[in-house]
Amino acid sequence: MSNESRKSAGFKDRTPVTAARETLLDAVSPHERTERVPLRDADERVVAREITAERAVPHYRRAAMDGFAVRAEDTFGASQRSPASLRVDEAVTTGTAARVHTGSELPEGADAVVMVEETEVAGDTVTVFDAVAGGENVAPVGEDVAEGQTLYEAGHRLRPSDLGLLKSVGNDTIEVYEQPTVSVIPTGEELVQDDPAPGEVIETNGQTVTQYVERWGGTATYRDIVTDDVDALRAAISDDLDHDIVVTTGGSSVGERDLLPEVVDGIGEVLVHGVALKPGHPVALGVVEETPILMLPGYPVACIVNAVQFLRPALRQAGHLPSTAPPTTEAELTRKIASEPGTRTYARVELHDEGVDEQTTATPTRASGSGVLSSVALADGWVVVPESVEGYDAGDTVAVEDWEWSQ
């Protein structure tokens with residue numbers, strides 16, 4: 001559709017959210033760039049190659065209890081009524097025992113450990129009141145991890161416990177996928193970074209999106225504000241096509257100053273323009289030279305909704321990061337939420353625990369406009385009203401999504 005046709009048609013035909021997301025993800029190819037990073041920097045990074053254990057854990061036979069290392073056969077038949085007596089020594093041979101502590105190396109010649117609770121020491125003699133079998137209270141080599149054992153496959157996202165295990169088997173650095181790169185380009189001739197005059201607006205969308213990119217596992221480049229000019233916008237996008245994803249904020253609708261769909265169509269292809277979601281239907285998705293372009297609306301709430309619905313899954317796919325559903329809280333709705341049939345609605349709510357039973361309730365925010373940033377910043381989550389549902393009534397139990405989650 002030409003730009004003039006798009007502007008005259010408005011958004012009469014909007015693409016469903018799921019279909020728009022699938023269209024975008026079809027244009028997102030996971031990159032194959034890797035790097036080696038120190039363990040201390042590898043938390044939440046994604047493994048790029050299979051990792052195997054360079055050494056066993058433990059790499060020596062160790063005592064699993066405080067007590068005495070012995071030859072098991074020297075304790076056979078020992079009991080409270082008929083204990084065995086062994087000479088305490090540093091080495092273990094027939095008739096001797098060596099004092100050991102949990103984790104210490106088992107002396108040569110020993111094959112078991114008698115717990116200290118089952119012994120009594122007098123001088124250089126230890127009396128043993130319980131028999132042990134060979135291998136009892138001993139951690140063998142490789143009990144935790146065997147040398148050469150596969151620990152993690154490519155695609156695994158590392159956690160602190162993983163890093164501890166990797167250090168224990170001798171890894172100092174790990175090969176991981178590079179974090180996906182995202183160019184964030186705020187647009188609009190009315191935008192300024194500080195000290196707004198009448199008619200000017202502080203730029204917040206680009207900053208917000210940049211910080212979401214970092215939270216979601218990417219590396220963001222936050223560009224200077226670009227004015228509403230075709231040549232300037234074209235240059236800004238073209239200069240950043242070496243990024244995995246390019247995101248613009250503002251200028252995505254069908255007004256006179258909404259130039260981005262025209263610009264992207266001129267140097268690439270607009271795949272979707274107008275999505276059946278609220279707030280934020282004037283979002284556009286495209287591709288230029290195989291680089292996905294996300295044109296987010298200029299209203300702050302609409303920008304955030306679309307960033308979560310489209311940028312997050314695209315970024316995760318580009319960087320081999322797992323896609324996870326947001327955590328939700330069940331709550332009782334205190335007021336009705338209205339929605340338009342055929343449109344997926346994201347209603348911002350505040351959560352409260354009320355009553356003797358501390359029932360969690362969800363109250364829709366009074367300010368619901370897509371330009372009211374505080375309605376998001378001061379909310380605890382949003383309720384997603386599906387396309388097939390005409391709102392929810394007060395008293396309904398709803399799932400409140402926490403869109404701020406980072407996993």
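Predicted model: local features only at pLDDT ≥ 70, side-chain atom pairs only at ≥ 80, totals over all residues.
I started with an open sheet of six strands, ordered β16-β13-β17-β21-β20-β18, with mixed pairing. I then asked which strands stand at its edges. They are β16 (219-222) and β18 (269-273). Each has a single partner strand, so one side of each is left without a neighbour in the sheet.

I picked one pair to follow. Strand β13 (residues 181-186) and strand β17 (residues 245-249) run parallel and are joined by five bridges. I looked for the partner of Val182 in β17 and found Ile245.

**The annotated span.** I checked the record next. UniProt, in an unreviewed entry, places "domain: MoaB/Mog" at residues 183-317. I looked up how far apart the ends of that span are: the end C-alpha atoms of residues 183-317 lie 16 Å apart. The span is 35% helix and 26% strand.

**A helix on the sheet.** I traced α6 over its strands. It lies across β17, β18, β20 (284-288) and β21 (291-296). Against β18, α6 runs at about 140 degrees.

**α5 with α6.** I noted how such pairs are read. Two packed helices are described by the angle between their axes and by the distance between those axes. Helix α5 (residues 230-239) and helix α6 (residues 260-267) have axes that come within 10 Å and cross at roughly 60 degrees. That angle makes α5 oblique to α6. I logged the hand of the crossing as right-handed. On the α5 side, I listed Val230, Leu233, Arg234, Ile237 and Ser238 as making the contact. On the α6 side are Leu260, Glu262, Val263, Val264 and Ile267. How many residues of each class are in this contact of α5 with α6? I found seven nonpolar, one polar and two charged.

**α4 with α7.** I turned to another helix pair. The axes of helix α4 (residues 205-215) and helix α7 (residues 300-318) come within 11 Å and cross at roughly 30 degrees. Angles under 35 degrees count as roughly parallel. The two helices, α4 and α7, are therefore roughly parallel to each other. Their crossing is right-handed. I listed the residues that meet: α4 brings Asn205, Thr208, Val209, Tyr212 and Val213. From α7 come Pro300, Cys303, Ile304, Leu311 and Leu315.

**Another sheet.** I moved to the open sheet with the order β7-β4-β6-β5-β9-β8. It has six strands, and the pairing is mixed. I looked for its edges and found β7 (112-115) and β8. Each of these has a single partner strand, so one side of each lacks a neighbour in the sheet. From one strand to the next, the twist averages 40 degrees.

**Around β9.** I checked both sides of this strand. Strand β5 (residues 84-88) runs antiparallel to strand β9 (residues 125-128), with four bridges between them. Strand β8 (residues 119-122) also runs antiparallel to β9, again with four bridges. I followed Thr125 of β9 in both directions. Thr125 is the bridge partner of Arg87, and Ala122 stands opposite Thr125 too.

Conventions:
Residues numbered from 1 in each chain as written. Heavy atoms only, no water. UniProt positions renumbered as here; feature names shortened; annotations may be inferred. Axes fitted to C-alpha atoms, helices over the stretch in contact; angles between N-to-C directions. Parallel < 35°, antiparallel > 145°, perpendicular 65-115°, else oblique. Left-handed = near helix turned anticlockwise from the far one by under 90°. Contact = heavy atoms within 4.5 Å. Nonpolar A, V, L, I, M, F, W, Y, C, P; charged D, E, K, R; others polar. Pairing = 2+ DSSP bridges.
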